[in-house]
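Biologist: I'm new to reading protein structures. Could you walk me through a few features one by one?

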Amino acid sequence: MSETVLRVDDLTMHYTTRAGEVSAVNNVSFSLQRGQSMGLVGESGCGKTSVAFSLMKLLPDNAHIKQGHIYLNGTDVVSLREEDMRKLRWSKISMVFQAAMNALNPVYKVGDQILEAMETHGLVETLQSAREHIASLFELVGLDPKLMDQYPHEYSGGMRQRAVIAMALSCNPDIIIADEPTTALDVIVQDALLREMIELQKKLNMSMIYISHDIAVIAEVTERIGVMYAGRMAEFGSAVEIFKHPLHPYTFGLMSSFPSIVGEKRELVSLPGEPPDLINPPSGCRFHPRCPYATEICSQQDPEFKDLGGDHYVACWHPLEAN
Amino acid sequence: MRRYLLNRLAQNILIFFAFLTLVYVLVDAQPGSYADQYLSDPRLTPAQREILKKNLGLDRPVLERYFLWLRNAFRGDFGISFSNYPRQVLDVIAERAPRTIILFLTATILSYYIGFLTGKILAWKRGGWGEYAATIGGVGLYTVFLPWFALMMVWFWAYTLKVFPIGKFLDPVLWRQSPVDANYVFTRMLITAFLSALILFIVFILARRLNPAQRTPVRLVTLAVVLIGIFAYWSSTGVGRYAADILHHLVLPIFTLATVNFAGTMLLTRNSMLETLREDYIMAAKAKGLPDQIVRDKHASRNALLPVVTSFVLAVAFILDGGVITETTFSWPGMGLTLLSAALVQDIPMVVGALVFTGIMALSAHLIADLLYAFLDPRIRYA
Amino acid sequence: MAELTQSTPPAKSVLEIPLWQVRLRLLWRSLKTNLALFAENPIGLVGVAIIAFFFMFTIIHPILMNTVWDKNTYDPVVGYDAEIPFHPAPPSAKHILGTDPLGRDVLSQLMWSTRSEFILGLVAALVSVVIATTIGAITAYYGGFIDNFFMRLADIVIMLPYISILIVMSALFDLTLPVLALILGILGGFGGTTIIIKSQALTIKVRTYIEAARVAGGGDFHIILRHIIPNLMPLSFLYMMFAVNGAIASEAVLSFFGLLNIRMSWGLMIYTSSYSGYLLDFQKWWLIFPASLSISMLCAAFYLVGRAMDEIINPRLRKR
């Protein structure tokens, strides 16, 4: 077994809003090995992005980590001082943003924005070597190195996305979080970019957390999958396992709502209902109002998140295999 | 870039023409202008009236009069001021305008600098009673009735503490035995100020290329050299104390204006910063692990600066408006006071001259703003 | 949060309730959430409190004049207290804020003027906002020549030193309160407010419901009137607040120079004192202070309300 770069233990994070406490992340646990890629799937508003920002401790003022630990290379970042956390950001854990198009400051040259990150983390020995490093990064992500002296508005959407990926790689982080990095692009560019990112991750032996609402895409490219529902981790395991034997009814629902091109013909099932209100989440299992297999216990008691064998975790009273 | 600037230049010139036209219409379309008063003198015979009309050019068609006026305006010929008879309007403006410009430019630059710094910090540290206090205090200063506020300043600094003179441009008692007149001294003061500002600006800009360790010493040494140079020059001319007198009279009006204007800039910067802070690139900058100060000063404030620049331009365009109020309270003999007193005695040529002066000020301000925009925002520079 | 509650329509019974009732209910609900947002902000509440305080003056003054106050002594314009030998007299039980150099009661003047300040401010603001909203909606919707024309016009208007121009105008003809309100309204309406409202209208124009209205066969006029303008209303209302504050301040300055033809106003009160040579007489504070403070406070109040509304209407300023 290789080294664990990230372990999230029982993480709970709340937002305080005018309308009340929003439990955005609830008792989430998972771990990630070096060089491993992991997908985080769920409907919008299920807490995927909140998990990502908790990992970087880039939370707005009204968000509080209530309990749990995040071990980054063995250090618990939850209790870390802001100044020390700042040094870990980008050098240990970096991020490709959801709206990567806007993640570049319009008034500075793209190359300078990357250089700035390297400078902050003390990775610039001479300007020349730093620029060479940036040029090599540009080549790595398929951009012309000459572009580094241009401004973001001179780039196309796809180019900007690549530049942001180059920026995320610039300080050789252990983990890259990619938060739906391709949603703003057209489908063909999306697919190409996704594959390139995975290739890069393998080549550079980094770990990657890939966030998406599309379980089909995730299952195709990542090794492990975490399925989130209403701030909870519903199921966690290897991609193959989960795709072949989904245990949680929600995972099954998610998979059934996408047509499979290669497999046998299946009827598309859409999940009835909507994700719950996180200010007043349903009692017991949060999925029970939408679950076709729900029984009495589901609405009363919260199922435990446990290993059902083969490193395959699920939080459900009635895992599908059993049915 | 060039196309953008040419475009803006053409637009501004067009606007300036429209402005001149408006000033002309405003004066010419008045019922009962001074010419009518002059002509309605019952002692005039109809023949004499015709001759007078002809001499005044009132018999010509409106359009011709308009073009004549435009031509003269471009040659700087606004006629003779009634209230400063027999001085030319342009002559009066040449004397008074620098006094207004120096007063307002200093105050405006000062207030924008301080306002921007405080607004930035206010937006960054959001929430709490400090914010409410700053906002209410800022709004209070921003909306205060300016003549009254100026009066209070006079009361406090000049009347109670007696630190500064109560008003006026200079102290007549001191100047009685002066070998030179005020304009002579003031012109030299302006030249000194301009030259030293230029030298400092160039050195400060050049110093940016040096190592961080050398930057500050180089700048400080230059500043000291310039200050010593100014001091040496003014002691050698022998009229230093007269210059000091003018400076002494400048402090209170500048302080008053800067205090009032700074609040507006602070409030504007705060809002502009708050909008910028929601941008994704701010989050990205934080994620990169940049220290807060760099995120704030390099990434956020640079983008938040644009609306502030716009407001700065408008402030410069409104110099005459502010001038009327401040200069009246401080008896500062600038353009504002000139305009007000000219309007009160219906000195039309002077009024028109003053309005055109404002137009030119506003025009230059807008052009400078366009240049600044191009400098600050690469999206404009390369469009 | 405001959008959230707005977008949840009453689920089942929608078809049975008449449309106007649904609309009214939605309006009421959005009003309620916005009011709740507004009430959370002490800055806006301070503003509202000050405005309410001055509004009280306009109600109390006629009552006092008809009951307690003697007309000959307390009339704000022609009153004179003959029992006091020397005017201006300092504050006393009879004249809480003293008398002015002409023997008139300062408090009565102050209260009486409030009404004209409100009327001036509101008329100027209304004129300016009606013009700005109409032009903003039309220029944004049609674009092209109309757009270019009005935007260049706005460029000129924001360049005008309007206090100076009003001074010049007042020298050439009589400026009365309604004329002043109209001029200020027009200058504001064609100037900066139009630019801001137009840019907002541009973002509304590209929304899908405008497209939907067009597909459904709505004419240009219908779309502008029923879809664009209602959505511009919050912003228009906000800029009304700023326009009120601008109008009151302008009037005060012009009156202070004695350039307006009006019977009484706060600015004129200061002018009277300064005209009689009491401007720098800081011992007689009641001549300058009450009027100046009133001008400053009422302006600040409207500005504060505007700012508090800005934080509700402009989601980019919201805290969360």
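This is a predicted model: local features need pLDDT of at least 70, side-chain atom pairs count only at pLDDT 80 or more; totals for chains, interfaces and linings use all residues.

Biologist: OK. What is the handedness of the crossing of helix 5 of chain C and helix 6 of chain C?

Modeller: That crossing is left-handed. Residues 106-142 make up helix 5 of chain C and residues 144-159 make up helix 6 of chain C; the two pack at an angle of about 140°, and their axes are 7 Å apart. Angles over 145 degrees would count as roughly antiparallel, so helix 5 of chain C and helix 6 of chain C are described as oblique to each other.

Biologist: Which residues make the contact between helix 5 of chain C and helix 6 of chain C?

Modeller: Helix 5 of chain C brings I135(C), I138(C), T139(C) and Y142(C), while helix 6 of chain C brings G144(C), I146(C), D147(C), F150(C) and M151(C).

Biologist: Now strands, please. Where do the side chains of a strand go?

Modeller: In a regular strand, side chains alternate between the two faces of the sheet.

Biologist: Which strand pairs with strand 6 of chain A, and in what sense?

Modeller: Strand 7 of chain A (residues 175-179) does, in the parallel sense, over 4 bridges. Within that pairing, M95(A) has I177(A) as its bridge partner.

Biologist: And how do I read the order of strands in a sheet?

Modeller: Chain A has an open sheet of 4 strands in the order 2-1-4-5, with antiparallel pairing. Strand 2 (20-33) and strand 5 (75-76) of chain A each have a single partner strand, so they stand at the edges with one side lacking a neighbour in the sheet. Strand 1 of chain A (residues 4-17) runs antiparallel to strand 2 of chain A, and 10 bridges join them. There, H14(A) sits opposite S23(A). Helix 1 of chain A (residues 48-56) packs on this sheet and touches strand 1, strand 2 and strand 4 of chain A.

Biologist: Last one: how many residues do chain C and chain B put into their contact?

Modeller: Chain C gives 36 residues and chain B gives 41. On the side of chain C, helix 13 provides the largest share, 9 residues. That side divides into 27 nonpolar, 4 polar and 5 charged residues.

Terms used: Residues are numbered from 1 along each chain as its sequence is written. Chains are lettered from A and ligands numbered from 1 in the order in which they are written. Two strands pair if DSSP finds at least two bridges between them. Two residues are in contact if their C-beta atoms, placed from the backbone, lie within 7 Å. Axes are lines fitted to C-alpha atoms, for helices over the stretch in contact, and angles run from 0 to 180 degrees between N-to-C directions. Angles under 35 degrees count as roughly parallel, over 145 as roughly antiparallel, 65 to 115 as roughly perpendicular and the rest as oblique. A crossing is left-handed if the near helix is turned anticlockwise from the far one by less than a right angle, and right-handed if clockwise. Ala, Val, Leu, Ile, Met, Phe, Trp, Tyr, Cys and Pro count as nonpolar, Asp, Glu, Lys and Arg as charged, and the others, Gly among them, as polar.
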